[in-house]
Amino acid sequence: MNKPTKENSIRKNTMWICQIALGIALYVVVSMVLKIPIGIGHISLDLGYIVLAVCCMRFGMLGGAIVGGAGCTVVSLLSSGWFPLGWMLGNVLIGIICGKAYQKNESLCGSNIAITGVAVLLGVGVVKTAVECLLFSIPLAVKIPKNMVAAVMDTIVMSIGLFVACRLSRKGT
């Protein structure tokens, strides 16, 4: 039996950091390359949420929060040059809720869809909306409908990601 050593601990932490960095990079690439516009404003199916769901299941709430927050921030900075405080905070919340739920109920992938919907609704529909309305003085009546459509789209994509994560976890990868 191997005793835990400082070297093993450092190696494990380094591997976790590298995996999180790869998750962020994959989120960014998929989000920037695989966006499908739906024809309502600038809202699109952001396939980076598939990566976020996989990272939430694999790394839990801390890893999910880091990948979600950092991933969307890098996407926004690279694509438009602005810092998306509302989107980042919303994705951090989604990562925390889904990361906790997915690791707790890894074998119950179907029941996690409801949790995904609630998490995305809170993250995109409430947090992102509130932050953007406060920062930019946008009326709630203007922002709520757009962000609710975005929340539905993101829930669909993240639910697909949940099924991908479940398939990967069953294969042991």
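Biologist: What classes of residue are in the lining of the largest pocket?
Modeller: This is a predicted model, and in it that lining has seven nonpolar, six polar and seven charged residues.

Biologist: What volume does the largest pocket have?
Modeller: The volume is about 460 Å³. Of the 20 residues lining the largest pocket, Lys 35, His 42, Ile 43, Trp 87 and Lys 128 are the closest to its centre.

Biologist: Which elements give two or more residues to that lining?
Modeller: Those are strand 2 (43-46), helix 2 (48-79), helix 4 and helix 5 (140-171). Helix 5 gives the largest share, six residues.

Biologist: OK, how much space lies in the second largest pocket?
Modeller: About 190 Å³. Among the residues lining the second largest pocket are Gln 19, Leu 26, Arg 58, Phe 59 and Val 164. Two elements, helix 1 (6-33) and helix 2, each give two or more residues, and the largest share, six residues, comes from helix 2.

Biologist: And the classes in the lining of the second largest pocket?
Modeller: Eight nonpolar, two polar and one charged.

Biologist: Switching topic: at what angle do helix 3 and helix 4 pack?
Modeller: Helix 3 (residues 85-104) and helix 4 (residues 112-136) pack at about 160°, and their axes are 8 Å apart. An angle over 145 counts as roughly antiparallel, so helix 3 is roughly antiparallel to helix 4. Their crossing is right-handed.

Biologist: Which residues make the contact?
Modeller: Helix 3 brings, among others, Leu 85, Trp 87, Leu 93 and Tyr 102, while helix 4 brings residues including Asn 112, Val 120, Lys 128 and Leu 135. By class, the contact has 17 nonpolar, five polar and one charged.

Notes: Residues numbered from 1 in each chain as written. Predicted model: local features only at pLDDT ≥ 70, side-chain atom pairs only at ≥ 80, totals over all residues. Heavy atoms only, no water. Axes fitted to C-alpha atoms, helices over the stretch in contact; angles between N-to-C directions. Helix = DSSP H or I, 4+ residues; strand = E, 2+ residues; numbered from the N terminus. Parallel < 35°, antiparallel > 145°, perpendicular 65-115°, else oblique. Left-handed = near helix turned anticlockwise from the far one by under 90°. Contact = heavy atoms within 4.5 Å. Nonpolar A, V, L, I, M, F, W, Y, C, P; charged D, E, K, R; others polar. 1 Å grid on protein atoms, 1.4 Å probe; cavity = no way out; pocket = protein on both sides within 12 Å on 5 of 7 lines; lining within 4 Å. Points joined across faces, edges and corners; volume = space filled by probe spheres on them.
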